[in-house]
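Dear colleague,

I am handing over the structure we spoke about. Please have it open while you read the notes that follow.

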Amino acid sequence: MRSLLSVLNKCISFFLLSRSVVVLGRKNNIHRPKSLSLPSSFIRIPYGGADAVTTDDAAVLSAKEGEKKEETITTPSSENTSTTTEAATTTTDENTNDDTTTEEKNKYTFSLFQDGDGSEEDEDGIPARYIRMQKGNREKAKVALHKTLEWRKEHDVDTILSRSNTWFELCKEFQPHFFLGHDTTDHIIFVQRPGFTKFEMLPYVKPDNLLLHYCYIMEYCWNILNINSTENNAGQTTMTAILDLAKVKLRSARDMLYFVRQFVSMMSHHYPQRSYKTLIINSPTWFSMIYKVIQPLLRESTKLKISILTRGTKQQQLMKELLGDDIDENLLNGTEYNGWKDLPMEKELHEFCLARLRENGNETMEPIPTISSSNTSKKPKKSFFSMKKDK
């Protein structure tokens, strides 16, 4: 059994955004890391943290500041009326700008709880997803929910969308992942193409930065994109995940093992029950062989969500059936696809990220390095993804 699970461990990287990730991770005894460090370039500590200002707190604070300003206003003498008026106008403008900034930050502050997630009706305030995750065991669901709330508080996840993600463009360039649109059942489609990872950029992309970037993407998905969902219970909506294994080699899974384990832990503990279907497309022969071995270990409900497809007529039919006839041929054929940058959801996401940078003092994105053509086919001898996080 131990040897079987070691083979299973090599497959984890290919199940990044599905419930199957959760199951496979648990079979390998993968636990949430004790610490998930937040790089200062990604998380802005002055706003947020364990004592993050909530919307109500901000309103009270603003009211108190208003009272103090009123107390300090005195009636100006006639000769100083003009000067006092100008100063008051300047102060008012500054306060207006501060209020606008606070309002924008509060606008993009989201808690774990959402409308329609079942927590309002539950006697213990537990979202239905957590109860389903624990197969109806309420005590375990309480513990899981508490851990997620502590994790969100510790790393200030509630306000992650209001802060600057300076690693956005670099992470997107390093490993292609994008929102394709909605499937025929109106579920959000999220695509990952690990086989097109630019390994020559590894020295410039650190595991924790990529992990936090994915956290940013998930929060955007469930709090911004999810607003437009037509489902009755937005708090319980799910996604269709497409994992394109074109050009993926077994070595890639080994190189990215450190990141994969942390990603699996984050998704399984803090974003449970978010998968509608998982399509694993353009799968190589070796992957199909491994999946046949591990399939009996999966729950029946999980197996029903997963479709393992290889390039050909069956894959094309199923993809068009679920995603529509206008699916890009590059995804079906497993070839290079750069059109994702022009997809409506991706353009909105990019503009959203840029807007937060402007609000936070016109910060800039981390530059995308220029890699010489002589190094594009070479991988570093020691992968950043195989290393433990920086000390």
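Helices H6 and H10 are oblique to each other, because their axes cross at roughly 120° and an angle counts as roughly perpendicular only from 65 to 115 degrees. Please keep in mind that this is a predicted model.

H6 and H10

H6 covers residues 138–154 and H10 covers residues 257–270, and their axes come within 9 Å. On the H6 side the residues that meet the partner helix are Lys147, Thr148 and Trp151; on the H10 side they are Met266, His269 and His270. By class, this contact of H6 with H10 has three polar residues, two nonpolar and one charged.

H8 and H15

Two packed helices are described by the angle between their axes and the distance between the axes. For H8 (residues 207–223) and H15 (residues 344–359), the axes come within 12 Å and the crossing angle is roughly 110°. H8 and H15 are therefore roughly perpendicular to each other, and their crossing is right-handed. H8 contributes Tyr216, Ile217 and Tyr220 to the contact, while H15 contributes Met345, Glu348, Leu349, Phe352, Cys353 and Arg356. Seven of the residues in the contact of H8 with H15 are nonpolar, two are charged and none is polar.

Is strand S2 buried or exposed? Five of the five residues of S2 (residues 188–192) are buried, so the strand is largely enclosed by the rest of the structure. In a regular strand the side chains alternate between the two faces of the sheet. In S2, Ile188, Phe190 and Gln192 point one way and Ile189 and Val191 the other way, and all are buried.

S2 pairs with strand S1 (residues 177–182) in the antiparallel sense, over five bridges. Within that pairing, histidine 177 stands opposite glutamine 192 of S2. S1 and S2 form a hairpin with five residues between the strands, and aspartate 186 in this hairpin takes a positive phi near 70°.

S2 also pairs with strand S3 (residues 239–244), here in the parallel sense and over five bridges. Isoleucine 189 has threonine 240 of S3 as its bridge partner.

Regards

Note on methods: Residues numbered from 1 in each chain as written. Predicted model: local features only at pLDDT ≥ 70, side-chain atom pairs only at ≥ 80, totals over all residues. Heavy atoms only, no water. Axes fitted to C-alpha atoms, helices over the stretch in contact; angles between N-to-C directions. Helix = DSSP H or I, 4+ residues; strand = E, 2+ residues; numbered from the N terminus. Parallel < 35°, antiparallel > 145°, perpendicular 65-115°, else oblique. Left-handed = near helix turned anticlockwise from the far one by under 90°. Contact = heavy atoms within 4.5 Å. Nonpolar A, V, L, I, M, F, W, Y, C, P; charged D, E, K, R; others polar. Buried < 20%, exposed > 50% of the residue type's maximum accessible area, 1.4 Å probe, protein only. Pairing = 2+ DSSP bridges.
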